[in-house]
Amino acid sequence: MTDLMNDSLRQIADTMNIRLALRLNTWSEAELLQPISAEWQKIYAHTLPTQPTRRRERLCAAAMVAEMLGQAYGIGHDEDGRPYACVAGTSEAVGCLTVSHSKAFVAVGWSEQPLGIDLECTSDRPLRLAPRFLHESELPLIDLLPHPAATAALMLWTAKEAAFKRFSRKGATTLSDIVLQMDNDGTMAALFGDSNASVTFVVEEDWAMCLCV
């Protein structure tokens, strides 16, 4: 796995008091298993998807969690398919875990507090679909963000997805439950009912990522 964490990302993680890992998954399955304990390897042997791409995505995230939290920890999934960190042999969530995949990129975040992360590779699809996933009041954000329209729409898509992950455990069921708002100083927040969370973007040429904490 190619580690994509840089000083900027580390500073963001430190400022937000989260553990963050970002990798380009170029390893074989055998290499991905190396950081994972024998006990967790036995568990994953029965729970990982059989489809090769999905299997490598899940295994990469599992390796990242083992490196991030220690070999005693791995990834379980609740009844709605949401991932959580736990100790082998238990189903009790430890902190809050969030995972995102896009092509060969894998992002993992962990915190004591609720959070959501989403990473998407660059494309014009979010701009074409913007009227479907953004409220009418949110569409002007495309022009307000200091990026080309396609990049701005991509950022807003990641914000919706990250916020949904953040609030899904609080009752959010669709992206339309989330409302994005931006202050005059450019600070963005995600709202769900009476709750709100901060939104932070990382934008690169090939991808955009949002952290919602």
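**Loops, a sheet and some rings**

Trainee: Where does K103 sit?
Mentor: K103 is in the loop between β5 and β6. Helices (H or I, at least four residues) and strands (E, at least two) are DSSP runs, numbered from the N terminus. This is a predicted model, in which local features need pLDDT of at least 70 and side-chain atom pairs count only at pLDDT 80 or more, while totals for chains, interfaces and linings use all residues. Residues are numbered from 1 along each chain as its sequence is written, and side-chain values use heavy atoms, with hydrogens and water left out.

Trainee: Is K103 buried or exposed?
Mentor: K103 is exposed, at 68% relative accessibility. Buried means under 20% relative accessible area, exposed over 50%, and partly exposed in between (1.4 Å probe, protein chains only).

Trainee: Which loop holds N17, and what's its phi?
Mentor: N17 is in the loop between α1 (7-16) and β2. Its phi is near 55°, again positive in a residue other than glycine. N17 is exposed too, with a relative accessible area of 64%.

Trainee: Okay, the sheet. What's the strand order in the four-stranded one?
Mentor: β1-β2-β6-β5, open, with antiparallel pairing. Two strands pair if DSSP finds at least two bridges between them.

Trainee: Which strands stand at the edges?
Mentor: β1 (2-3) and β5 (96-102). Each has a single partner strand, so one side of each has no neighbour in the sheet.

Trainee: How many bridges join β2 to β6?
Mentor: Six, between residues 19-24 of β2 and residues 105-111 of β6, running antiparallel. At one point L24 stands opposite F105 in β6.

Trainee: Changing topic: how many aromatic pairs are there?
Mentor: Four. Rings of Phe, Tyr and Trp (its six-membered ring) pair if their centres lie within 6.5 Å; planes under 30 degrees apart count as stacked, over 60 as edge-to-face and the rest as tilted. One of the pairs is F105 with W207, tilted at 50° between the planes and 6.2 Å centre to centre.

Trainee: Which strands does that one tie together?
Mentor: F105 is in β6 and W207 in β11 (residues 207-212), so the pair connects parts 102 residues apart in sequence. F105 and W207 are both buried.

Trainee: And what kind of pair do F133 and W157 make?
Mentor: Edge-to-face, because the planes are at 80°, with the ring centres 4.8 Å apart. F133 belongs to helix α5 (residues 125-133) and W157 to helix α7, so this pair also links distant parts of the chain, 24 residues apart. F133 is buried at 6% relative accessible area. W157 counts as buried as well, at 19%.

Trainee: How many Å separate the C-alpha atoms of E161 and L175?
Mentor: 7.0 Å, with the two residues 14 apart along the chain.

Trainee: Is E161 buried or exposed?
Mentor: E161 counts as buried, at 19% relative accessibility.
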